[in-house]
Amino acid sequence: MNKIKEKLNTFIIERNQIVCVTCYDASFSKILNDIKIDIVLVGDSLGMVIQGKKDTHRVTMDDILYHVACVAENKSEYLLMADMPKNSYENSKIAYSNAKKLLDNKVDIVKIEYKEEYYEVIEYLVSKSIPVCAHIGLLPQYVLSKKDIRTYGKDKSESNKILDQAKKLDNLGVAMILLECVNSKLSKEITDSTKLPVIGIGSGKHCNGQVQVLYDLIGISDNPPKFSKDFLKEGGSIKSAIKEFYDYVKSIEN
């Protein structure tokens with residue numbers, strides 16, 4: 001775990017924005033590897049963009065492991081991160097068993113959507129030297145209605161709660177934090193007040209890096225989020241579109 005954390009912290013030291021793109025197969029992972037994307041995420045977003053479901057709730061560990069195996073075929077340049085799908089980390093024993101399966105298949109970091117009841121689960125994984133990315137803000141695995149899809153941390157009470165979560169996770173020793181749909185001002189405060197890398201999706205430019213769903217950035221998602229951009233419109237080809245996203249993120253100054 002220390003080697004992964006050291007590599008991630010290099011981005012902060014060198015003030016080098018982290019580029020993270022989701023991926024689900026070998027063909028796209030080859031392109032991402034050639035472009036030298038920093039982190040490739042096998043996300044449970046596959047439930048929507050690959051399986052055609054309305055949410056991520058029914059993605060299984062077997063689904064994630066299958067797509068990890070496909071993506072890992074071309075891994076040489078990037079760090080590989082994978083989602084722990086819903087119901088795969090209900091307690092420490094289950095979480096550790098599933099996280100080990102991922103690490104045994106070339107995954108470097110496991111990502112968990114953080115709720116307070118899973119603090120001890122993440123604490124246990126960290127104690128077992130499992131690199132964890134804690135996902136806070138909008139949690140797709142727990143979205144029940146459209147009203148849950150919003151910007152988080154606008155009011156003082158919710159902002160303080162999310163900031164406290166980030167600080168607790170930082171002190172716990174997670175490898176990184178992912179903010180989804182978090183108020184830009186709060187994202188900056190979290191990024192400035194924690195020691196570890198903070199990457200964002202729909203959370204403004206003040207993080208240490210940006211995440212985008214591959215199918216959103218090449219414009220083939222059904223009903224993509226408002227914060228996403230179709231880079232293929234200007235890129236001319238899939239590879240040039242992804243490279244344009246890479247260059248855009250690397251150019252962000254905080």
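Trainee: In which hand does H2 pass H11?
Mentor: This is a predicted model, and in it H2 passes H11 in a right-handed crossing.

Trainee: What makes H2 oblique to H11?
Mentor: The axes of helix H2 (residues 26-35) and helix H11 (residues 238-251) come within 10 Å and cross at roughly 45 degrees. That makes H2 oblique to H11, because angles under 35 degrees count as roughly parallel, 65 to 115 as roughly perpendicular and over 145 as roughly antiparallel, with the rest called oblique.

Trainee: Which residues make the contact of H2 with H11?
Mentor: On H2 they are Phe28, Ile31, Leu32, Asp34 and Ile35, and on H11 they are Ile238, Lys239, Ile242, Lys243 and Tyr246. Sorted by kind, this contact has seven nonpolar, three charged and no polar residues.

Trainee: Now the strands. How do you know that E1 and E2 pair?
Mentor: Two strands pair if there are at least two bridges between them. E1 and E2 have three bridges, so they pair, and they do so in the parallel sense. One of the partners to look for is Leu41 in E2, which bridges to Thr22.

Trainee: What joins E1 to E8?
Mentor: Four bridges join E1 (residues 18-22) to strand E8 (residues 209-212), and the two run parallel. Val19 has Gln210 as its bridge partner in E8.

Trainee: What is the order of the strands in the barrel?
Mentor: Eight strands close into a barrel in the order E1-E2-E3-E4-E5-E6-E7-E8, with parallel pairing. Neighbouring strands of this sheet are turned by 25 degrees against each other on average, direction ignored.

Trainee: Why is E6 called mostly covered?
Mentor: A residue is buried when its relative accessible area is under 20%. In strand E6 (residues 176-180), five of its five residues are buried, so the strand is mostly covered.

Trainee: Which residues of E6 lie on each side?
Mentor: Met176, Leu178 and Glu180 are on one side, Ile177 and Leu179 are on the other, and all are buried. In a regular strand the side chains alternate between the two faces of the sheet. You can find Leu179 again as the bridge partner of Ile136, and five bridges join E5 to E6 in parallel.

Conventions
Residues are numbered from 1 along each chain as its sequence is written. This is a predicted model: local features need pLDDT of at least 70, side-chain atom pairs count only at pLDDT 80 or more; totals for chains, interfaces and linings use all residues. Side-chain values use heavy atoms; hydrogens and water are left out. Axes are lines fitted to C-alpha atoms, for helices over the stretch in contact, and angles run from 0 to 180 degrees between N-to-C directions. A crossing is left-handed if the near helix is turned anticlockwise from the far one by less than a right angle, and right-handed if clockwise. Contact means heavy atoms within 4.5 Å. Ala, Val, Leu, Ile, Met, Phe, Trp, Tyr, Cys and Pro count as nonpolar, Asp, Glu, Lys and Arg as charged, and the others, Gly among them, as polar. Buried means under 20% relative accessible area, exposed over 50%, partly exposed in between (1.4 Å probe, protein chains only).
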